[in-house]
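Open the structure in your viewer and keep the selection tool ready. This tour goes from stop to stop.

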Amino acid sequence: MSPGRGDRVLNLDTLTRLRRGLRTAGPTLRLPVPDGMTAPLGCDAVAVPARFGPLVTPRLPRVGCVYADETHWWWLVPSDSDHALEWPAPAHYATGAAVPDVPELPELIHRPDGRLPYTPPIPLYLALCRVTETAPAWSRPVSA
């Protein structure tokens, strides 16, 4: 049976995205895309404890918008940058660039030249794996 015109097919990715939307409990702040920038791919964020921020940034070929407070640094990445990736602990992937449990928005500490706010997710993932001493998911042994 094939879907007719106007019918929506729900796949696992769609269901996962919908489930993520249900996780927010209470008011949540979202990291903004700075004025003059556009986010044509949508916007998510990757957060790490603040102690890792200065270790990660020099390892990146391009740094997009970075927000920080005393406890965390957040990098803006395109939406769905968690697809097929297990971000290493203690990193936290924030769908929709939502930063729960903070009284006010963190400060923008880096704004790239140009109009795109993104840090490329794969180099960010690899840099986080390196500083957390975690093997990338694709290089781990597979058990049967």
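Which residues of H3 are buried? Select H3 and look for Pro121, Leu124, Tyr125, Ala127, Leu128, Cys129 and Val131. Buried means under 20% relative accessible area, exposed means over 50%, and partly exposed lies in between, with a 1.4 Å probe and protein chains only. Helices (H or I, at least four residues) and strands (E, at least two) are DSSP runs, numbered from the N terminus.

A word on the model before moving on. It is predicted: local features need pLDDT of at least 70, side-chain atom pairs count only at pLDDT 80 or more, and totals for chains, interfaces and linings use all residues. Residues are numbered from 1 along each chain as its sequence is written, and side-chain values use heavy atoms, with hydrogens and water left out.

**Around the helix**

Now show what covers the buried residues of H3: the cover includes S2, helix H2 (53–56) and S4.

**The cores**

Next, select Val46, Val56, Trp75, Trp87, Leu124 and Leu128. These have the most contacts inside the largest nonpolar core, which has 22 residues. Such a core is a set of buried Ala, Val, Leu, Ile, Met, Phe, Trp, Tyr and Cys residues joined through side-chain atoms within 4.5 Å. S2, S3, S4 and H3 each supply at least two residues of this core. The largest share, six residues, comes from H3. Apart from this core lies another, of 14 residues; Met37, Cys65, Ala94 and Val99 are among them.

Go back to Trp87 and show its surroundings. Contact here means heavy atoms within 4.5 Å. Setting aside neighbours within four places in sequence, tryptophan 87 touches Val46, Ser81, Asp82, Tyr93, Pro121, Leu124, Tyr125 and Leu128.

**Strand S4**

Select S4 (72–77). Five of its six residues are buried, so S4 is largely enclosed by the rest of the structure. Two strands pair if DSSP finds at least two bridges between them. Tyrosine 67 has tryptophan 74 in S4 as its bridge partner. A hairpin of three residues joins S3 to S4.

Follow the chain into the loop between S4 and strand S5 (92–94). Stop at alanine 84 in this loop. Alanine 84 is not a glycine, yet has a positive phi of about 65°. It counts as exposed because its relative accessibility is 70%. Proline 90 is in the loop too. The peptide bond from alanine 89 to proline 90 is cis, with omega near 10°.

**Beyond H3**

Return to helix H3 (121–131) and step past its end. Glutamate 133 follows H3, with a positive phi near 55°. At 76% relative accessibility, glutamate 133 counts as exposed. Continue to tryptophan 138, found in the segment after H3. Is tryptophan 138 buried or exposed? Exposed, because its relative accessibility is 51%.

Last, select Ile122, Leu126 and Trp138. They make a nonpolar surface patch of about 300 Å². Patches are made of residues with over 30% relative accessible area and no salt bridge; like charges are joined within 9 Å, nonpolar side chains (Val, Leu, Ile, Met, Phe, Trp, Tyr) within 5 Å. A salt bridge is a side-chain nitrogen of Lys or Arg within 4 Å of a carboxyl oxygen of Asp or Glu. Areas come from the Shrake-Rupley method with a 1.4 Å probe; for residues, only the protein chains shown count as cover.
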